[in-house]
Amino acid sequence: MDFNMKKLASDAGIFFTRAVQFTEEKFGQAEKTELDAHFENLLARADSTKNWTEKILRQTEVLLQPNPSARVEEFLYEKLDRKVPSRVTNGELLAQYMAEAASELGPTTPYGKTLIKVAEAEKRLGAAERDFIHTASINFLTPLRNFLEGDWKTISKERRLLQNRRLDLDACKARLKKAKAAEAKATLWNDEVDKAEQELRVAQTEFDRQAEVTRLLLEGISSTHVNHLRCLHEFVESQTTYYAQCYRHMLDLQKQLGRFPGTFVGTTEPVSPPLSSTSPTTAVATMPVGPSVAGLAPPGEAALRLEVTPPASGTRKARVLYDYEAADSSELALLADELITVYSLPGMDPDWLIGERGNKKGKVPVTYLELLS
């Protein structure tokens with residue numbers, strides 16, 4: 001009991017001494033041991049790493065799970081060390097509603113058939129999203145959390161110990177200074193100065209030892225950056241895979257529906273004036289598309305009479321930018337870097353031209369071509 005009381009009293013005394021030293025430093029009434037510039041740079045770098053890791057972690061969580069309530073639920077499950085329940089993605093839920101709507105409205109009607117096709121695509125999109133979230137959580141979020149909840153807590157603990165050792169050291173310096181001043185006035189015995197010097201040596205040793213431990217941990221931040229760099233690459237790879245899957249699923253859906261970029265099916269009324277008096281255009285709505293998407297031929301153009309020979313003045317040379325595989329017999333397959341002759345026919349979608357190579361002829365997407373003057 002007496003031992004515990006003495007320990008509590010000793011701890012209280014140390015805490016009070018540190019508080020006094022800290023307060024006097026703030027008011028400029030006590031000297032403070034400064035860390036070297038390299039150490040200060042390590043501290044600043046560590047703080048920046050921690051702050052930006054927190055921001056990137058939180059925003060990635062928002063990206064993967066936009067619903068704040070769901071994020072809170074997942075956080076609670078993790079803190080309770082329980083498995084997070086499987087949650088239906090928005091795409092899968094939409095697929096379910098569309099399938100149920102088709103069943104009730106008539107699965108054999110045009111609308112019902114389309115609902116079913118779109119529902120299947122949305123279901124595949126939802127599954128791809130689920131895989132992406134799972135992969136990103138393991139390969140990216142988990143390492144960031146492990147740093148904040150593991151390495152950073154250790155660094156913070158050692159930094160607090162270093163701060164305490166520094167306060168103890170400066171308090172000993174202050175006591176020794178006062179003891180020497182008192183000795184000079186012959187108000188203290190020499191043993192008081194010796195005691196203060198001994199306390200200072202001990203405090204200096206403990207401070208130096210703690211500074212070395214903290215410095216090594218701070219220098220380990222470089223290894224943390226290397227690890228986070230690897231995780232970032234894996235996150236980008238998983239995101240690339242996810243968007244590629246989404247693109248393929250939507251491309252398949254477009255083929256099934258007969259709807260293609262740059263074309264609205266089912267209307268023949270012009271929505272914009274003709275490009276010229278000799279080349280009228282039907283109702284189209286264009287959008288920027290990549291080479292792969294542009295390769296899909298709008299429905300209805302398969303019936304174009306490709307054997308029509310245009311006037312020589314309407315032809316141009318074009319260089320092929322990418323390989324293109326013809327979707328059907330009305331299109332012309334292309335090889336990158338080859339030269340072909342191209343021209344337009346009245347009523348054609350502006351995203352397409354007629355291409356000729358030798359005795360072969362067919363539709364070609366404009367985005368695959370570099371038109372030459």
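Leaving out neighbours within four places in sequence, Glu92 is in contact with Glu122, Lys123, Gly126, Ala127 and Arg130. Glu92 sits in helix α4, which covers residues 90–105. Is Glu92 buried or exposed? Glu92 is buried, because its relative accessible area is 17% and the cut-off for buried is under 20%. Keep in mind that this is a predicted model.

**The chain at a glance**

- The chain holds 8 helices and 5 strands.
- Reading from the N terminus, the order of the elements is α-α-α-α-α-α-α-α-β-β-β-β-β.
- Of the 373 residues in the chain, 32% are buried.
- Take the contacts with a separation of 6 or more: 68% of them are between residues 24 or more positions apart.

- Mean pLDDT for the chain is 81, with 80% of the residues at 70 or more.
- The stretch to be careful with is residues 260–308, where the pLDDT is below 50. Beyond near neighbours in sequence, this stretch still has 90 contacts in the model.
- Which elements mark the two ends of the confidence range, lowest and highest? Helix α8 (residues 291–294) has the lowest mean pLDDT of the elements, at 41, while helix α2 (residues 37–64) has the highest, at 95.

**Helix α2**

- At the start of α2, Asp36 puts a side-chain oxygen within 3.1 Å of the backbone nitrogen of His38.
- Buried residues in α2 include Phe39, Leu42, Leu43, Ala46, Leu57 and Leu64.

- β1 (316–320) and β2 run antiparallel and are joined by 4 bridges. In this pairing, Ala318 stands opposite Ile340 in β2.
- β2 (residues 339–343) is antiparallel to β3 (residues 352–357) too, with 3 bridges between them.
- Who faces whom between β2 and β3? Val342 has Gly355 as its bridge partner in β3, and Tyr343 has Ile354.
- β2 is mostly covered, with 4 of its 5 residues buried.
- β3 goes on to pair with β4 (residues 360–365), again antiparallel, over 6 bridges. Here Gly355 stands opposite Gly362 in β4.
- The hairpin of β3 and β4 has 2 residues between the strands, and Gly358 takes a positive phi near 65° there.

**Aromatic rings**

- The count of aromatic pairs comes to 7.
- One of them is Tyr242 with Tyr243: their ring centres are 5.1 Å apart and the planes are at 45°, which makes the pair tilted.
- How covered are these two tyrosines? Tyr242 counts as buried because its relative accessibility is 14%, whereas Tyr243 is partly exposed at 48%.
- Another pair is Tyr324 with Tyr368, where the centres are 5.0 Å apart and the planes are at 65°, so this pair is edge-to-face.
- Tyr324 lies in the loop between β1 and β2, and Tyr368 in the loop between β4 and β5 (369–371), so their pair ties together parts that are 44 residues apart in sequence.
- Tyr324 is buried, with a relative accessible area of 7%, and Tyr368 is buried as well, at 6%.
- Ring pairs also link Phe132, Phe140, Phe235, Tyr242 and Tyr243 into a cluster.

Notes:
Residues numbered from 1 in each chain as written. Heavy atoms only, no water. pLDDT = per-residue confidence, 0-100. Contact = heavy atoms within 4.5 Å. Buried < 20%, exposed > 50% of the residue type's maximum accessible area, 1.4 Å probe, protein only. Polar contact = N/O pair within 3.5 Å; in protein donor to acceptor, adjacent residues only side chain to side chain. Pairing = 2+ DSSP bridges. Phe/Tyr/Trp six-rings, centres within 6.5 Å; stacked < 30°, edge-to-face > 60°.
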